[in-house]
Amino acid sequence: MRKFTALGLMAGMLTLPALAQKKIEYKEFDLDNGLHVIMHQDNTTPIVVTSVLYHVGSKNEQPDRTGFAHFFEHLMFEGSPNIERGEYMNIIQARGGTLNAFTSSDITYYYELLPSNELELALYMESERMLQSKVDQTGVDTQREVVKEEKRQSYDNRPYGSLLIETLKRSYSEHPYNWAPIGSLDHLNAASIEEFQQFYKDFYVPNNATLTIAGDIDYAQTEEWVREYFSEIPKGTKEIYRPDVVEPKKTAEIRDVIYDNIQIPAVIQAYNLPKQTDPDSYALSMLSTYLTGGNSSLMTKELVDKQQIALAIAAIPLELEDGGVFIMYGIANMGVEPETLEKEIDKLIKQVQDEGISDQDFAKLQNIIENNLVSGNSSMAGIAQNLAESHVIFGDTDYINQQMEIYGKVTKADLQRVAKKYLDLTGRVVLYYLPKSAETTE
């Protein structure tokens with residue numbers, strides 16, 4: 001039996017100090033079963049973040065079994081033969097820790113933040129999750145109800161809650177990014193226990209995972225524990241399924257109307273983006289910040305503050321492994337027609353395409369991006385996640401130390417160029433969200 005007996009308790013949580021921008025040092029190695037391990041030592045505060053990134057998201061699902069990756073984000077807290085059902089969170093929290101997880105179209109990510117004397121516990125817990133999570137009918141039935149409630153709260157009963165679902169299904173005609181990570185409850189209800197068990201065996205294996213430990217650690221002791229708890233986990237027996245689909249370029253605008261439980265109309269625009277690793281992605285990231293990133297952005301100043309035709313305008317720039325989507329949405333002010341708001345949004349896009357941005361605005365934008373990069377590595381949790389994603393998405397763990405230099409090479413001309421190339425007004429998705437009351441009058 002795999003039992004964990006190490007003792008130790010530290011009450012309360014410790015806050016993380018802000019870190020100056022500096023090179024992130026790390027060590028990494030691979031186990032024979034394919035698990036990639038990254039360690040970052042910072043002994044300034046007695047905390048440690050332990051994370052596992054599984055390279056599986058909603059894009060790895062089958063079209064008639066969507067929602068599996070997100071479902072497993074929940075299911076893998078059910079426990080194991082050595083961790084009683086429902087006790088996973090309680091054990092971590094009782095030792096003064098916090099934990100969480102998320103699922104995207106590309107990855108599933110788990111982490112625990114604990115006092116550093118509890119590192120062995122965190123490694124044991126994650127190894128149990130990887131080796132022998134409870135994937136049984138009781139857990140599946142329990143988590144189905146959890147996911148149903150999440151969908152009701154986050155999507156069905158929230159104003160504009162279906163925005164992501166409705167936009168993705170029109171932004172992708174062939175790629176499995178077509179569906180959102182929440183997936184279909186009908187698919188989850190129809191799936192057999194054997195299908196869930198097979199999904200676990202296929203994707204939640206060491207050769208599809210990256211383990212990252214960041215914080216107050218000793219490198220030698222940490223590696224010893226990693227080998228002790230993870231080396232026995234068998235490598236997956238099948239090749240990891242990854243879709244080999246190239247989304248075709250849109251040659252015409254897709255336009256639709258969604259009637260929702262809302263009082264105020266909204267305009268959604270979506271533009272397909274290149275792969276996350278494409279050199280253009282940096283200029284596009286800066287462009288999205290310039291257009292909609294906060295109170296000082298171009299569209300907020302012009303449409304919310306000056307013209308007052310929008311209550312809010314923002315963006316969801318989904319940077320995805322196989323090619324993302326830039327989703328921009330504006331909520332119209334009272335009495336403003338969505339056509340009016342859309343026309344003014346398009347004017348500003350055309351302005352950037354034709355005129356670019358000023359030297360002053362570009363310098364300000366550079367400062368914003370630099371601050372964002374620094375703050376992204378200002379906590380152990382941020383460093384752990386950035387190290388893992390650098391390795392998995394960008395194929396080089398040291399990418400974490402290269403971002404500032406890469407963004408520094410983006411020019412004003414690059415922003416104007418990518419605005420022309422990707423914000424194509426004739427090859428996009430446009431949705432109007434209207435009150436359900438309008439459906440009966442049209």
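Colleague: How many cavities of 30 Å³ or more are there?
Modeller: The structure, which is a predicted model, holds 2 cavities of that size. The largest cavity has a volume of about 120 Å³.

Colleague: Which residues are closest to the centre of that largest cavity?
Modeller: Leu 273, Ser 281, Leu 284, Ser 285 and Glu 319, out of 15 residues that line the cavity. By class, the lining has 9 nonpolar, 4 polar and 2 charged residues.

Colleague: And which helix gives the most to that lining?
Modeller: Helix H9, residues 280–292, gives the most, with 6 residues.

Colleague: OK, pockets now. What volume does the largest pocket have?
Modeller: About 1000 Å³. Its lining takes in 38 residues, and nearest the centre lie Gln 276, Glu 319, Gln 385, Asn 386 and Glu 389. Elements giving two or more residues to this lining include H9, strand E9 (310–318) and helix H12 (359–376). Helix H13 (380–394) is also among them, and H13 provides the largest share, 6 residues.

Colleague: What is the class make-up there?
Modeller: The lining of the largest pocket has 18 nonpolar, 17 polar and 3 charged residues.

Colleague: What about the second largest pocket, how much space lies in it?
Modeller: About 490 Å³. Of its 21 lining residues, Glu 247, Lys 249, Asn 272, Leu 273 and Pro 274 are the closest to the centre. Strand E8 (266–272) and helix H15 (412–422) each supply at least two lining residues. By class, this lining has 9 nonpolar, 4 polar and 8 charged residues.

Colleague: Switching topic: at what angle do helices H3 and H8 pack?
Modeller: About 30 degrees, with the axes 9 Å apart. Angles under 35 degrees count as roughly parallel, so H3 is roughly parallel to H8. The crossing is right-handed.

Colleague: Which residues make that contact?
Modeller: From H3 there are Leu 119, Glu 120, Leu 123, Tyr 124, Glu 126, Ser 127 and Met 130, and from H8 Thr 222, Trp 225, Val 226, Tyr 229 and Phe 230. They divide into 8 nonpolar, 2 polar and 2 charged.

Colleague: Last pair: are H1 and H4 roughly parallel or roughly perpendicular?
Modeller: Roughly perpendicular. Their axes come within 9 Å and cross at roughly 115 degrees, and H1 passes H4 in a right-handed crossing.

Colleague: Which residues of H1 meet H4?
Modeller: His 70, Phe 71, His 74 and Leu 75; their partners in H4 include Val 140, Arg 144 and Glu 150.

Methods. Residues are numbered from 1 along each chain as its sequence is written. This is a predicted model: local features need pLDDT of at least 70, side-chain atom pairs count only at pLDDT 80 or more; totals for chains, interfaces and linings use all residues. Side-chain values use heavy atoms; hydrogens and water are left out. Axes are lines fitted to C-alpha atoms, for helices over the stretch in contact, and angles run from 0 to 180 degrees between N-to-C directions. Helices (H or I, at least four residues) and strands (E, at least two) are DSSP runs, numbered from the N terminus. Angles under 35 degrees count as roughly parallel, over 145 as roughly antiparallel, 65 to 115 as roughly perpendicular and the rest as oblique. A crossing is left-handed if the near helix is turned anticlockwise from the far one by less than a right angle, and right-handed if clockwise. Contact means heavy atoms within 4.5 Å. On a 1 Å grid over the protein atoms alone, a cavity is a set of points where a 1.4 Å probe fits but cannot get out, and a pocket is an open set with protein on both sides within 12 Å along at least five of seven lines; lining residues have an atom within 4 Å of a point. Grid points are joined across faces, edges and corners, and a volume is the space filled by probe spheres set on the points. Ala, Val, Leu, Ile, Met, Phe, Trp, Tyr, Cys and Pro count as nonpolar, Asp, Glu, Lys and Arg as charged, and the others, Gly among them, as polar.
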